[in-house]
Structure formats: C-alpha cells, structure tokens
Amino acid sequence: MGGASDHGGGPVTQTRRGSLTRHDIGLAALAVVDGEGAEALTVRRIAAKLGVQAPSLYSHVAGKDDILELITEIITADIPPLQLDPADWRAGLLDWASTYHAAFAKHPNAVGIIARRAVTIAESRQAYEDVVAMLVGAGFAPAAALRVVLGIDYVVLGSILAPFSPAFDQPLGDDYPALRTAIRATEPAEVDRTAFREAVRSYVAGLPEPS
C-alpha cells in the first residue's frame, strides 16, 4: 500500500486500486502539507500523490475536515505514552512538553492548521486529561491546573508557529549592533530548539507550589 517514506514531505508510492486506506490518505495529506504548505492541501493534490483519482478518496474520507483529523492523528501518534507522577509534577510537565514539541516540530506547516482546530482526537484529549489529573493529584485546583497546561501549550505551539531564526536571516546593519552581535554568536540550526528548552524549563521552574 502507498505510504510516505516518513511522516514528512517524502515521496508517497502509488497505491494499488482497491487497497487505499484512511492511513494512506493521512500520510499523503501530511506529505503535501509538509512539502508544499497548508494552502496546497486539496483532495485532488492528495489523490495525485497517491496515484489515484480524486473521487476514490471519498469512499474513505468525508472531506477536508476528516483529512485534517487524519493528519492530527498521525502526528499525535508520535507522542509516546506519558509516565506522570503527581509527586514529581515538574518533571512530568517537562517530559510532556518535550515529547509534544518533538512530534509537532517535525511538521510546522501542519501546526498552523491544527492549533486552530478543536481538540477531538481521543489520544490528544487523553494527554490533556492525564496532565491535568497529575496536577490536581499534586494539589493544584482544577482551574489552576488547566492554566498550567495552557501555558505549556502556548510555549510549545508558539515556538513552532513563530520561530526566531527565519525572522532574522538577512544581515543587520550598524543600527542594531547588540542584536547583530547576538545573532552572529548563535548557531541558526540550534537557536530555536535551545530557546524552546530554556523557555519551557523557566516556565515550569517558575510555577508556584500548589497550595
């Protein structure tokens, strides 16, 4: 059956007629988004990626919203099960943030779509449930636990949606000496990952103990 070489923008092999699955469609859709951007995601483009006719996809998916659900499922499947302990809730938050970021950062073009959609995937809902339950078990009030979780969400998704390195890929002149020196002292391939790790660690370390 057809599938991507990975979950990225690699080639999707032709699918034999009659063997098409929802997972094939999700992989092809994710490959289109990864390689060409969210605006390129159409049923016709996915079908071309799979080597089939566009109408054949509608035997497996209801439409674009259904395809976006498949993309979300595939990305979310890369997040390993959480091992959370209320007695060490800070470590639990860091583990969740790290695995969450690692899975979604592979697909930055998809994050802009997913971040604006309702959370309907069972695995995603369960992850939020587990983290909130851990925090409540540690002594946080439910509303406070939710705010902590949302803070992690903002750091993870924001770091992917608005990375620093592409914003300053042009040389700076003498009007910005401090910024120019700082940028020259960084490694472009690492600055976003390092900044994310430092931001999430600072956020978690700064959270007050539950009262």
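Helix H2, spanning residues 43-50, has Val43, Ile46, Ala47, Lys49 and Leu50 as buried residues. Viewed down the axis of H2, these buried residues fall within an arc of 155 degrees, so they line one face of the helix. The model described here is predicted.

- Gly51 follows H2 and has a positive phi, near 75 degrees.

**Ile46**

- Ile46 is one of the buried residues of H2.
- Apart from neighbours within four places in sequence, Ile46 is in contact with Ile25, Ala28, Ala29, Leu41, Leu57 and Ile67.

**The largest nonpolar core**

- The largest nonpolar core comprises 52 residues, and those touching the most other members are Ile25, Ile46, Leu57, Ile71, Leu93 and Leu135.
- At least two residues of this core are supplied by each of H1, H2, H3, helix H4 (89-105), helix H5 (108-114), helix H6 (122-138), helix H7 (142-161) and helix H9 (188-205).
- H7 provides the largest share of this core, namely 8 residues.
- Domain 1 (19-77) and domain 2 (80-210) each contribute at least three residues to this core.

Methods
Residues are numbered from 1 along each chain as its sequence is written. This is a predicted model: local features need pLDDT of at least 70, side-chain atom pairs count only at pLDDT 80 or more; totals for chains, interfaces and linings use all residues. Side-chain values use heavy atoms; hydrogens and water are left out. Buried means under 20% relative accessible area, exposed over 50%, partly exposed in between (1.4 Å probe, protein chains only). Helices (H or I, at least four residues) and strands (E, at least two) are DSSP runs, numbered from the N terminus. The arc is that of the directions from the helix axis to the C-beta atoms. A nonpolar core is a set of buried Ala, Val, Leu, Ile, Met, Phe, Trp, Tyr and Cys residues joined through side-chain atoms within 4.5 Å. Domain bounds come from an automatic or database domain assignment. Contact means heavy atoms within 4.5 Å.
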